[in-house]
Amino acid sequence: MVIKTKRVEWIDVMKGILILFVILSHTYPAVIYRLFFTPFFLTMFFWASGYTFSLKSDFKTFLCGKGRRLIIPFFVLGSIRVLITCVLSGQAIGESFGQFSLQINCKGDEMWFVSCLFVSSILFYGIIKMTSGRYEKLQQKSQVVQMIMILAISGILMIVGFFDMKAVGIKFAWELELACVMVFYMALGFCYKKEEIRLSRLIRNEKFVAVSSILYLIIACGIQKKSDIHAEQIPSPFLFVLTSLLAIAPLIWISETIAQKRIKKYFIFLGQNTIFYYAFAGIVRIVLYGVLNKVGVTPDPYIVPMICTGLAAVLLVVPAKLTRNYIPWAIGG
């Protein structure tokens, strides 16, 4: 049985904002850009996944659902992306597909975000199941007890993931060490949904949002060193997590504000087609930068990445619509 959940507009808007930063990150932008968006542009995807996380099925049904929404697009779109990349770059197809299948961090791990999200979802499912039966006998504050347990367990997994990145250095198949870190953000999104009525009052407080934004900018752009969560190069895990937490309120506020405007439809479209854009936006960058190099133009790290991001967002609209209308299963529809 396929369980469909109602889409939340401001969550789709948030995903639309985030996928633009993902596209930008693939265009070799200036360091100042990376300092600004690195703490939140991927972690908040997992936060959003936790917010929409549903536990209305047994594990078999849950796994089949994730397979339909993530694994099928992973292999279908990922295979197409690998083939196109090999043709454009001259890489060996056999070797590229071998690395693609293993999904070992930074070793040809095309579509790594999707594989990491799949593993994180399974880990989070286990955490929810582990904690759901521990508090049922309590008459009061049972939900708070469960959330504390969820955050504690996911926090421990995050520490384990960072410890592996910083001290051990083992890179597991299917981004397991990175998934251990990201499951903490899923827990944050899940718990926010549970307490949304009370927490949203704080999020809608403009003074709180302003303070969070200022602190974020000071730490992210002024104190924190250059980080790359995908490459697992995080100089200070503490500062990385702190800045990512400070980004939550401003991003929710911005997303909810845009969701009340006419322009929301553009961000919603991007948010509903994130896997497609994630798979193919890099192809636009390869072609554009290849053309610029042939005509003797060296792409600057400030303007060209912004232009490339805008072009990718526009040029992929039609193929994304065609895919969603005619072969929706290819993107998890």
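Predicted model: local features only at pLDDT ≥ 70, side-chain atom pairs only at ≥ 80, totals over all residues.
User: Which residue forms a salt bridge with aspartate 12?

Analyst: The general idea comes first. Side chains of opposite charge can pair when their charged atoms come close. Here the partner of aspartate 12 is arginine 7, and their closest N and O atoms are 2.7 Å apart. Arginine 7 has a relative accessible area of 46%, making it partly exposed.

User: How many salt bridges does the structure hold, and which parts of the chain does the one between arginine 81 and glutamate 110 link?

Analyst: There are 6 salt bridges. In the one between arginine 81 and glutamate 110, the closest N and O atoms are 2.6 Å apart. That pair links distant parts of the chain, 29 residues apart: arginine 81 belongs to helix H4, and glutamate 110 to the loop between H5 and helix H6 (112-132). Both arginine 81 and glutamate 110 are buried.

User: What is the closest N and O separation between glutamate 256 and arginine 204?

Analyst: For that salt bridge the value is 3.7 Å. Glutamate 256 lies in helix H12 and arginine 204 in the loop between helix H9 (196-203) and H10, so the pair ties together parts 52 residues apart in sequence. Glutamate 256 is buried at 11% relative accessible area, while arginine 204 is partly exposed at 49%.

User: And a charged residue with no salt bridge: how far from aspartate 164 is the nearest side chain of opposite charge?

Analyst: Good case to look at! The cut-off for a salt bridge is 4 Å between a side-chain nitrogen and a carboxyl oxygen. For aspartate 164, which is buried, the nearest side chain of opposite charge is lysine 171, 7.1 Å away, and there is no salt bridge. Aspartate 164 is found in helix H7. Leaving out residues up to four places away in sequence, aspartate 164 touches Gly169, Ile170, Phe172 and Glu177.

User: Now the rings. How many aromatic pairs does the structure hold?

Analyst: The structure holds 35 aromatic pairs. In one of them, phenylalanine 75 and phenylalanine 100 are edge-to-face, with 6.1 Å centre to centre and 85 degrees between the planes. This pair links distant parts of the chain, with phenylalanine 75 in helix H4 (residues 59-89) and phenylalanine 100 in helix H5 (residues 93-102), 25 residues apart. Phenylalanine 75 is partly exposed at 37% relative accessibility, whereas phenylalanine 100 is buried at 1%.

User: Why is the pair of phenylalanine 276 and phenylalanine 280 edge-to-face?

Analyst: Planes over 60 degrees apart count as edge-to-face. The planes of phenylalanine 276 and phenylalanine 280 are at 65 degrees, with ring centres 4.9 Å apart, so this pair is edge-to-face. These two residues are 4 apart in helix H14 (residues 274-294), which separates them by about one helical turn. Phenylalanine 276 and phenylalanine 280 are both buried.

User: Which residues do ring pairs link into a cluster, and where does the charged end of lysine 193 sit?

Analyst: The cluster is made of Phe21, Phe36, Phe37, Phe40, Phe41 and Tyr216. As for lysine 193, its charged end sits over the ring of tyrosine 51, 4.8 Å from the ring centre. Likewise, the charged end of lysine 321 sits over the ring of phenylalanine 269, 5.9 Å from that centre.

Notes. Residues numbered from 1 in each chain as written. Heavy atoms only, no water. Buried < 20%, exposed > 50% of the residue type's maximum accessible area, 1.4 Å probe, protein only. Lys, Arg positive; Asp, Glu negative; His and termini not counted. Contact = heavy atoms within 4.5 Å. Phe/Tyr/Trp six-rings, centres within 6.5 Å; stacked < 30°, edge-to-face > 60°. Lys NZ or Arg CZ within 6 Å of the ring centre and 35° of its normal.
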